[in-house]
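I opened my notebook to look through a chain and keep track of what I found. Here are my entries, in the order I made them.

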Amino acid sequence: GEALFALEYASVDAATRIWTDGGGSAQGWGFFSKLQKRPGDAMFTFGAVLRCLASRHPDWAAGELGVGASAIRAVQVLDPAAARLRKALGSVDPSLELSVLGTTTGLTALLAIEKLLPPRPEGPGVVYVSAAAGGVGLLAAQLFQLRNATRVIGSAGTDEKVRLLRSKYGIEAFNYRRQAVGDALAALAPEGVDVFFDGVGGRTLDEALLHMSKFGTVLNVGAVSEFSSSSRGGLANAHAITDRALRISGFGVANYVPDFADARRRLADLVLAGKLTTEETVFGWEEYGAAHTALHAGGSVGKVLVAGPVAAAPRGGGGGEDG
C-alpha cells in the first residue's frame, strides 16, 4: 500500500528553526522540542507538495499530487494513509497549496479570524497586522479588507515591502525599522486599533497594546521575534489589557483540523474569483539554509518555499518581523 513520491515544494516556516538550535525545551516550546533535529537527520516541514511517481496504493496513481507534513527529501516511499496525505485540489497552482491554502498560512489567517474574532455587523473596524508582507499577514490583511475593515494598517521591514503593500494591496503600511510601532499607530490610528492580528510578539505586541481601542481584540497567531531569542521578558505594558478591557486570544491551527477541508475550498474559491492573492519567494533545492536565513532576516516576501530538484525554476522575492 505504499507509493513513491518526489518533492515539488516544501514550506519553510519560522517555528522550525528551533528544531535545530537546541532551544525548544529551554524556550518553553514543548511540542516542537519533540521534533528536535540532530546532524544527519532529514528536516521536516509542516507542508509539502509531493508528486506520485509510482504507486501500489489503490487510491493513488502516478502523476497525482499529494499535500501534507513530510520529511524534506527529493524522493521518498510513503504509505499515503499513514502519512495523512491529502490530494491537491487541482484548481490552483501547486505552490498555492502551501501558501494560500497552507496550514501555517492561509488556514491560520482565515480560521483565526473566523474562530476568535467577535462578530461585528459593521465590520472589524481599524485593523493592524504585523508582519503584513509575510505569508500569514498578507493573507490576513486581505481577509480583513473583504470583511469591510475601516482600514488595514500593516508593518513590514523594508521600504520595498511597504511600497508593495501600499500600491498592490491598499494597506496603510509602515517600515517598523524606520518608525517605531507606537509612533506609527499613533499617527495612522489616533482613535485606536480595534483588532490587532499579531504574528510577531515581543516589542511589537508590547507597543501595540498602548494603541488599542477600548474593548479591542488581539489575535495572536505566532511570535516570530521570539522563536530564536535567547532573552525574553514579560510585557511591559500589560496594564493596557485591563485599562482598555482588551480581549487577547491565542490561536493554534492544529486545534481546528475538522475545519481544514472546508476552509481550503473557500480560500481556493476566493483565489479563483480574483479576490485573494499572495506573494511567494521560492528557493532552489540546494538553498534550504538560505531560505531560512531570508525568512528570519527579512529577505523574503509572502510565503517562503523550497522547490524540489525537478520542480519549476526558483523565482526569488524581495527584500520578514519579519514580513
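I started with the fold elements and found nine helices and 13 strands in the chain. Helices (H or I, at least four residues) and strands (E, at least two) are DSSP runs, numbered from the N terminus.

A note on ground rules: this is a predicted model, where local features need pLDDT of at least 70 and side-chain atom pairs count only at pLDDT 80 or more, while totals for chains, interfaces and linings use all residues. Residues are numbered from 1 along each chain as its sequence is written, and side-chain values use heavy atoms, leaving out hydrogens and water.

Next I checked pLDDT, the predictor's confidence in each residue, from 0 to 100. The chain averages 89, and 87% of the residues score at least 70. I marked residues 24–29, where pLDDT is below 50. I also marked residues 312–320, where pLDDT stays under 50.

Then I looked up burial (under 20% relative accessible area, 1.4 Å probe, protein chains only). Of the 323 residues of the chain, 54% count as buried.

My last stop was a helix pair. How do α5 and α6 pack? Helix α5 (residues 181–188) and helix α6 (residues 202–209) pack at about 35°, with axes 8 Å apart; axes are lines fitted to C-alpha atoms over the stretch in contact, and angles run from 0 to 180 degrees between N-to-C directions. I listed the residues in contact (heavy atoms within 4.5 Å): V181, G182 and L185 of α5 meet T204, E207 and A208 of α6.

Technical notes:
Buried means under 20% relative accessible area, exposed over 50%, partly exposed in between (1.4 Å probe, protein chains only).
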